[in-house]
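Student: I have a sequence and a structure to go through. Could we work through some strands and aromatic rings?

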Amino acid sequence: MRPRITDASDQHPFLCQESRPETRAAGRGAARLLACLLAMSAGFAGAAGAAAQSPNDSGLTQRAAPEANAPAQAPSGPRGPRLGVELTWGRPFFGGDVARIWDRIGSVGIIQGIGVRLGYDFGRLGITLTGELSEFDPGDQTGGGLGFAALLHWRPRLSIGGRFGSRITAGYVRQAYGGIDFEPGQFPTEVVRASGPDPAGNVSALGDGVRLGFGLEPLGTRSLLRVVADASVDAVTFREAGLEGSAYSLRDPGWSFHPRLSVALELRPFSR
């Protein structure tokens, strides 16, 4: 009996398909088809990624363009301490009992004064302490005034002609006038709460109030010396009057409305 010889391809058809020409041709065609599909998939993925990224890039470009074309911001204001001297001019308008006191002597005219400033700037915000000596001459007498102010400054983004910056001021002010001599019978005793002999002698008045103002100063933060101009108004209430060292409460607290102008020369040794 002759043994039967079988082909391995018949027993393992899946392992031996590559040995057949038609099978190898089909395999090469499938490989080319798979490579084509992979290339098309990669192309679609790249196009989708570029499309997804392009809006962000355009958005960045659009945002960068306005930033590049945006104008330069105004300086943030000076920083550091400052010391200055000022000249002031103004005329107080009195009301209430304090007006009745000074009217016995005469009207009050323009008041001139000189002051010293000490302050510190934090950019757009600043603080100033001011002491001022002024003349006070109702009628034909010559007296004096003494003032103190604690002020807060704010510099808005408002410039005049591109050369001067603006400054808004608000704060507390304490004002005293004195050095005026009253003859017996000249002082209006009905304005004070105390009773006694007819007062006479040196009279003064002391009051507290607020100051509001607007000023101009040169732009720039590195100027060693600068000239500052301010226009302000003091609103002060006078609750007592002094007579020969004694204080008397006024029955009707007086007040004053004091528009004033000041020009100061400020030194900024450490400005930045």
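**Rings and strands**

Tutor: Phenylalanine 187 has 4% relative accessibility and counts as buried, because buried means under 20% relative accessible area, exposed over 50% and partly exposed in between (1.4 Å probe, protein chains only). This is a predicted model, where local features need pLDDT of at least 70, side-chain atom pairs count only at pLDDT 80 or more, and totals for chains, interfaces and linings use all residues. Residues are numbered from 1 along each chain as its sequence is written, and side-chain values use heavy atoms, with hydrogens and water left out.

Student: Is phenylalanine 182 buried or exposed?

Tutor: The relative accessibility of phenylalanine 182 is 3%. That is under the 20% limit, so phenylalanine 182 counts as buried.

Student: How are the planes of tyrosine 120 and phenylalanine 122 arranged?

Tutor: Rings of Phe, Tyr and Trp (its six-membered ring) pair if their centres lie within 6.5 Å; planes under 30 degrees apart count as stacked, over 60 as edge-to-face and the rest as tilted. Here the centres are 4.9 Å apart and the planes make 50°. The pair is therefore tilted.

Student: What kind of pair do phenylalanine 182 and phenylalanine 187 form?

Tutor: Their ring centres are 5.7 Å apart. The planes stand at 75°, so the pair is edge-to-face.

Student: How many bridges join β8 to strand β9?

Tutor: Strands (E, at least two residues) are DSSP runs numbered from the N terminus, and two strands pair if DSSP finds at least two bridges between them. β8 and β9 (residues 225-243) run antiparallel, and leucine 206 has glutamate 240 in β9 as its bridge partner. The number of bridges joining β8 to β9 is 14.

Technical notes
Helices (H or I, at least four residues) and strands (E, at least two) are DSSP runs, numbered from the N terminus.
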